Amino acid sequence: EVHLEESGGGLVQPGDSLRLSCVVSGLTLYTSTVSWARQAPGKGLQWLTTIYSDGTVSRSDFLMGRFEMSRDTGKNTVYLRMNSLESEDTGVYYCATGTARTLLAGEGYRGQGTQVTVSS
């Protein structure tokens with residue numbers, strides 16, 4: 001059974017950095033694609049970035065390079081490093097199997113999410 005579990009969220013101030021983790025079980029990152037997405041209060045799910053089985057990464061242009069996705073295949077864990085956080089980054093952050101298309105279509109597997117709140 002595939003399971004994803006996010007952690008690392010919390011309350012931070014504008015300008016701070018934060019690293020989220022997502023432990024993946026039931027599949028291996030060497031052969032899988034995993035994405036990060038978020039949902040701001042009152043808004044829909046928004047795709048952020050994807051790491052493919054070969055390790056290449058794609059990301060949303062609007063992030064302006066502030067967020068970086070990486071992985072540790074030995075730990076079967078993916079990460080989302082977020083820098084220069086803004087209040088607009090507040091939301092629940094999810095990791096999920098698949099690409100932006102499958103994630104937004106509700107396909108594949110998704111974790112329960114971790115809350116990130118950016119506030120002074």
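**Ground rules.** I am working with a predicted model, in which local features need pLDDT of at least 70 and side-chain atom pairs count only at pLDDT 80 or more, while totals for chains, interfaces and linings use all residues. Residues are numbered from 1 along each chain as its sequence is written, and side-chain values use heavy atoms, with hydrogens and water left out.

**Salt bridges.** I began with salt bridges, each defined as a side-chain nitrogen of Lys or Arg within 4 Å of a carboxyl oxygen of Asp or Glu, and the count came to three. I looked up D89 and found a salt bridge with R38, in which the closest N and O atoms are 2.8 Å apart. D89 lies in the loop between β8 (77-82) and β9 (91-97) and R38 in strand β4 (residues 34-39), so the pair ties together parts that are 51 residues apart in sequence. For these names, strands (E, at least two residues) are DSSP runs, numbered from the N terminus.

I then noted that R66 also forms a salt bridge with D89, again with the closest N and O atoms 2.8 Å apart. This pair links distant parts of the chain, with R66 in the loop between β6 (57-59) and β7 (67-72) and D89 in the loop between β8 and β9, 23 residues apart.

**Buried or exposed.** I used relative accessible area here, where buried means under 20%, exposed over 50% and partly exposed in between (1.4 Å probe, protein chains only). D89 counts as buried at 1%, R38 is buried at 6%, and R66 is buried too. I also looked up R101 and E107, whose side chains meet in a salt bridge at 3.9 Å, N to O; R101 counts as exposed at 58%, and E107 as partly exposed at 40%.

**E6.** I found E6 in strand β1 (residues 3-7). With Lys and Arg counted as positive and Asp and Glu as negative, and His and the chain ends not counted, E6 is buried yet has no salt bridge, and the nearest side chain of opposite charge, R110, is 6.5 Å away. I next checked polar contacts, meaning a pair of N or O atoms within 3.5 Å, where within protein one must be able to donate a hydrogen and the other to accept it, and residues adjacent in sequence count only if both atoms are side-chain atoms. The side chain of E6 reaches the backbone nitrogen of G113 at 2.8 Å, and a polar atom of that side chain lies 2.9 Å from the backbone nitrogen of C95.

**C95.** C95 and L20 are 75 residues apart in sequence, and their C-alpha atoms are 9.6 Å apart in space.

**S60.** As a last entry, I found S60 in the loop between β6 and β7, where S60 counts as buried at 9% relative accessibility. Not counting residues up to four places away in sequence, S60 touches W47 and L48.

Definitions and conventions: Helix = DSSP H or I, 4+ residues; strand = E, 2+ residues; numbered from the N terminus. Contact = heavy atoms within 4.5 Å.
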